[in-house]
Amino acid sequence: NDHDDDESKFVVKIYGPPGLFHFIASSIILSCTRLYLLRIEIYELVGGRVKRITTPQNYYTNNSHHNNQNKQPPQPRRKIRDPFHDEYPEYQYGGLLIRKRIPCKNGVWTIEDAPPPITRESLLQLNPRALRVAQNRVGRMAIRAAEVDHLSGVATFGYVVEESEPPRNIDPDKAKALGVSPRDKKYELLKHGFSVMADDGSEREVFPHQVLKPRTKRARKIAVIGDNRGWTPQMTRIARNADVLVHEATLVEEDYNRGHSTAAMAGRNSGGCNAKLLVLNHISPKCEDDLPGIVREAYEASEKKSFVVVSFDFMEVQVPRMGFGSHHEDGNIDDDADSDISNLNEED
């Protein structure tokens with residue numbers, strides 16, 4: 001992002017658990033790194049169920065032997081700053097490192113909210129330039145996060161990026177046949193779900209479904225999950241029906257104490273949220289000689305609801321504008337998705 005002020009900076013936004021600001025700030029300051037054209041905004045996701053382990057607020061002097069000889073109780077020393085939540089003036093760095101916090105609401109953090117729906121009144125009031133701006137807002141992303149279970153005292157998240165639903169296009173021949181012209185922004189009203197009156201004086205109301213073309217685009221959703229040995233219900237909810245789910249498969253056998261997942265665990269999570277494509281990453285070296293085996297393991301564990309591929313460095317996945325097929329109510333995928341995934345594998 002560029003800012004329009006005189007001292008514009010490129011802004012990098014980083015999101016993560018409490019303590020992330022101090023981790024990044026100390027690394028930059030202690031390494032004597034200089035920031036010239038860059039400003040870093042660090043957003044900590046606070047208020048989650050995992051409580052970070054902190055230093056006690058007070059601790060005692062080390063002269064316990066002297067105090068015991070004089071029969072005096074240990075004396076508390078000054079308050080210790082909490083490295084996860086307190087402020088350190090030493091880390092201000094001239095305003096180029098900025099700490100912000102995002103609160104939790106019902107187990108979910110809203111990092112970027114989808115724009116509110118466009119109303120009929122706003123469409124009618126917008127001039128052509130403002131209307132284009134409003135249309136561009138439709139393409140904005142909603143970004144949310146929820147916790148997953150990794151290790152005790154370690155806050156770990158999964159992130160979901162979802163597009164806003166794009167409007168459908170008008171079929172001008174159908175609109176003309178029903179007596180509707182583009183004037184008075186009637187096409188824009190129909191595209192955004194509002195009915196209009198015909199222009200032929202018939203006082204006939206024309207509804208969007210009568211003139212809209214079949215959908216050629218839909219909102220796509222991608223979920224990227226951190227290291228985990230299990231999901232929270234909130235994570236499953238916000239990742240539901242993801243087009244792409246990126247999930248680790250570190251372990252060969254389930255081991256709760258290690259805080260990671262097997263391919264089967266990844267498959268169960270993928271099937272549980274009806275993800276269309278499961279991308280396995282963080283693969284154990286023990287599995288490198290049997291990648292087809294872990295793909296099959298994840299696929300079977302998803303109850304055959306998700307297609308499965310193994311990731312590699314710099315891998316790119318192109319998600320079709322209509323996604324990888326469509327889910328039925330029972331969670332199974334349309335046959336059209338087969339060709340989408342086949343094309344993906346051929347390109348890779």
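1. N241 sits in the loop that joins α7 (233-239) to β11 (244-248), where helices (H or I, at least four residues) and strands (E, at least two) are DSSP runs numbered from the N terminus. Its phi is near 60 degrees, a positive value in a residue other than glycine. With a relative accessible area of 34%, N241 is partly exposed, a class lying between buried (under 20% relative accessible area) and exposed (over 50%), computed with a 1.4 Å probe on protein chains only.

2. The model is predicted, so that local features need pLDDT of at least 70 and side-chain atom pairs count only at pLDDT 80 or more, while totals for chains, interfaces and linings use all residues. Residues are numbered from 1 along each chain as its sequence is written, and side-chain values use heavy atoms, with hydrogens and water left out.

3. E303, in the loop between α9 and β13 (307-310), also has phi near 60 degrees, a positive value in a residue other than glycine. E303 counts as exposed, at 58% relative accessibility.

4. Helix α8 (residues 263-272) packs against helix α9 (residues 291-301) at an angle of about 35 degrees, their axes being 7 Å apart; axes here are lines fitted to C-alpha atoms over the stretch in contact, and angles run from 0 to 180 degrees between N-to-C directions. On the α8 side the contact (heavy atoms within 4.5 Å) is made by A263, A264, G267 and R268, and on the α9 side by I294, E297, A298 and A301.

5. Leaving aside neighbours within four places in sequence, L245 is in contact with residues including A223, I225, W231, C273 and V279.

6. Which cysteine is exposed, and which is buried? C32 is exposed, with a relative accessible area of 65%, whereas C287 counts as buried at 8% relative accessibility. A search of the whole structure finds 0 disulfides, a disulfide being a pair of cysteine sulfur atoms within 2.5 Å.
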